[in-house]
Amino acid sequence: MTKRPTERLGVTTLEDISTLILQSHDLGETLNNIVSLVAKRMRTEVCSIYLLEDDHQTLCLRASKGLSRKAIGKVSMRIGEGLTGMAAEGRRPVAIQEPQSHPRYRYFKETGEERFHSFLGIPLFDRKNPLGVIAIQTTETRQFSSEEISALSTIAFQVSSIVINARLLDSIRTQEEEKNRFARELEETRRSMAEPVPAAEVGTETALRGTVAYPGVVSGPAHVMGERLGFADILGQEGVEVEEERQRLEGALEKTRIQTLYLEKRVAERLSEDDAAIFHSHLMILEDRSFIDKLHREVDEGHSAPYALEKVLSEYIEAFSRMEDAYLRERAVDMEDIGRRILGNLVGQENHVLQLKQPGILLAREILPSDMAALDHEQILGIVTEAGEQNSHAVIMAKSLGIPAIVGVKGAMKAVKPDARVILDANSGCLYVNPAPHVIEEYSRLEQDCSRELNRLGEYRDLPAQTQDGTRIVLRANVGLVSDIDIALRNGAEGVGLYRTEFPYMARGNFPDRHDQYLLYRKVVEGFEGHPVTIRTLDIGGDKALPYFGHPREDNPFMGWRSVRISLDNRDIFATQIEAILMAGVHGPVKLLFPMISGLEEVRACRALVAEAEETLRKEGIPFAKEIPLGVMIEVPAAVQMAPQLAREVDFFALGTNDLIQYMLAADRNNPLVSKYYNPLHPAILQVLRDVSAVAFSQGKGLCLCGEMASDPLTLVVLVGMGIREFSMPAPFIPRTKAFLSDLSLDLAREAAREVMTMTDSIQVRDYLLKVLKELEQGSRPQ
Ligand code: PEP
Ligand code: MG
């Protein structure tokens, strides 16, 4: 296999780039961040960036770590002048020891650079055009090795794209300021004149930023998901024309019925017929004679249709909320949902989400899991949300669908009009609204590069995952929706390592019964044609709530009543799910997985329920899978400690590192304030993973790692080196993981695992692994 220098810059480098961009507010700050980062990575006293001025002749020092601050913006040279100019002129690296004695050396007294005894300059390019030079210097006399030169060249490649990107942003900002100034002047002129002047067309090009949730570059029209209207938005409008208002009401009801039918169909296709049933009951309410009569009566009395709606809905909602029966109480939520949709139609607010007619970028304040379930995924090229949770389940779904997404984009809903043209750069976390032609041109090139890369990775889909020396690794998919099956198959997943069953529960109005669940699980099992499917029992609580399941308010929901704890306290619900899973096991290899296990008592209680479920099915004469493999998620520190005892009572372990990291390091996985403590490379985490794996291996038990860290090459090297051979991840990561593994030798992975186990801090671990990856990328690492 041929090596490509950018082949595995992948996730880690993308992270670095987006972190830099996100931390910066303008080009100057971006450059300052870059030089500090590079000096640290390359372990040099100086890193400087020189950029070409508009005259295309002069290089000017724009940022430096290590040279005197006074020199920034002052020191400049022509292309060809001095060693820096020589790198730009020759378009190749210049590496020199004792630069002062070089004939082309030129001294700039503002820099104070006489202290430095080695110099390495690499040119920066924008395609073929020179852009500047990145240079490093050291106080020691250092001969830069070929590895160091290629490392800085790789960095220079990234720096070039950051500079291009930052310049684009800067130019947009300048243009915006220009336009605002123009608009202000226009307004002043208008005010100073007696006659009103027609409003001028002022351009709206904008660039917004957010946090990358799933990388990629896409462009298209914006699908703006309507705000959910609240009752507070309904204004009392009296004195309306009765007949007109009646027609308006009828029109809105009819439109809502059609939308509901459409929604029912969509969910039936995406999830299952049973998940769609909730919309059928909505339809019944929309056609209910007494509901319609009440609305008309209010209108006949001279009230506006929105007012009538508010009044009748509140009566219904209040009545339902007071019901003793839990099922009837839940109907209050349905009434609210229906009311919101009728209201949207009354005030002419289109629900773009449900009628995506062409591919585009979805923008929303937030996207609920049930929205994701109902959306037409084929039409969603990218996702942008104002809400900022990176580990939210909507984001997990976007990842499993492989849709580029950024979150936490403040002001997006205000800045983007429906159908506006947008470019989503989910590599650097930027959203360009109504971009200028030069931005469009730049990005169409990038989009082409990205799709070429996807095609290249496509070659790996049907190849088995294995290391360079032929060690077989099993890559399975994490799935949640029925539509994930197709995506998992298209990406070459060998079955499912984690089926999160809570998603189908979230999209419904009530707990599905046994038959509904059986049909759903069967669909997934049959979809994978003989590959194993690990079905995890309900993992609600924490950040995952079911709208219809009364959940108490807890101060520490992640430490509270969640997951298997809820299941064990609701035996009927739990038994129903286990029975459905056993029934689905008749249609293909199924494994049963219990989440959040913290001790043997829970495992035994779960086992007892499995035995009871078997007995029930036997009595009912229903076929079911016998001796289904039972496993536990290792995601609570107590389970780590008890791993040897747990292993004796189960068939396999699933390493749930998403939760394990948060519980081990006491750092909430959704809290940005502590995200720096949430570190998969913490030595405590690596030691625990090694120890748990060793227990599984020594007792001959299965082991699959299904947390997000499975798809990051940086951590994957160590995990493979520890001996883990089975991983489960969002399906779009599978081809690139196969590509990565095919270049990795087992010896190298083992050496990396051995080395990091001797290290005592995560910075050391990260630096070491970055070095290993970089060398691997450049093909310079002996394997
Ligand atoms: C985990 O905790 O690592 C895991 C895979 O489960 P979830 O992300 O659903 O909690
Ligand atoms: Mg978990």
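**Figure 1. The residues around ligand 1.** Of the 14 residues around ligand 1, those that come nearest are R500, R536, G656, N658 and R669; a residue is near a molecule if one of its heavy atoms lies within 4 Å of it. This is a predicted model, in which local features need pLDDT of at least 70 and side-chain atom pairs count only at pLDDT 80 or more, while totals for chains, interfaces and linings use all residues. To find your way around, note that residues are numbered from 1 along each chain as its sequence is written, chains are lettered from A and ligands numbered from 1 in the order in which they are written, and side-chain values use heavy atoms, with hydrogens and water left out.

**Figure 2. Polar contacts of ligand 1.** Here a polar contact is a pair of N or O atoms within 3.5 Å. A polar backbone atom of N658 lies 2.7 Å from an oxygen atom of ligand 1. For R536, a polar side-chain atom is 3.0 Å from an oxygen atom of the ligand, and for G656 a polar backbone atom is 3.3 Å from one. On its own, ligand 1 has 290 Å² of accessible area, and the protein covers 100% of it (Shrake-Rupley method, 1.4 Å probe).

**Figure 3. What the shell around ligand 1 is made of.** Two elements give two or more residues to this shell: β16 (496–500) and α22 (657–665). Helices are DSSP runs of H or I with at least four residues, strands are runs of E with at least two, and both are numbered from the N terminus. The largest share, three residues, comes from α22. Sorted by class, the shell has seven charged, four polar and three nonpolar residues; Asp, Glu, Lys and Arg count as charged, and Gly is among the polar ones.

**Figure 4. The magnesium ion, ligand 2.** Its protein donors are E635 (OE) and D659 (OD), at 2.0 to 2.2 Å. Donors are N, O and S atoms within 2.8 Å of the metal (3.2 Å for Na, K and Ca), and the site may look incomplete because water is not among the atoms. E635 sits in the loop between β19 (630–634) and α20 (637–641), and D659, 24 residues apart from it, belongs to helix α22. Buried means under 20%, exposed over 50%, and partly exposed in between (1.4 Å probe, protein chains only).

Figure 5. Seven of the nine residues of α3 (residues 82–90) are buried, so the helix is largely enclosed by the rest of the structure. Among the buried residues are L83, M86 and A87.

Key. A polar contact is a pair of N or O atoms within 3.5 Å; within protein, one must be able to donate a hydrogen and the other to accept it, and residues adjacent in sequence count only if both atoms are side-chain atoms.
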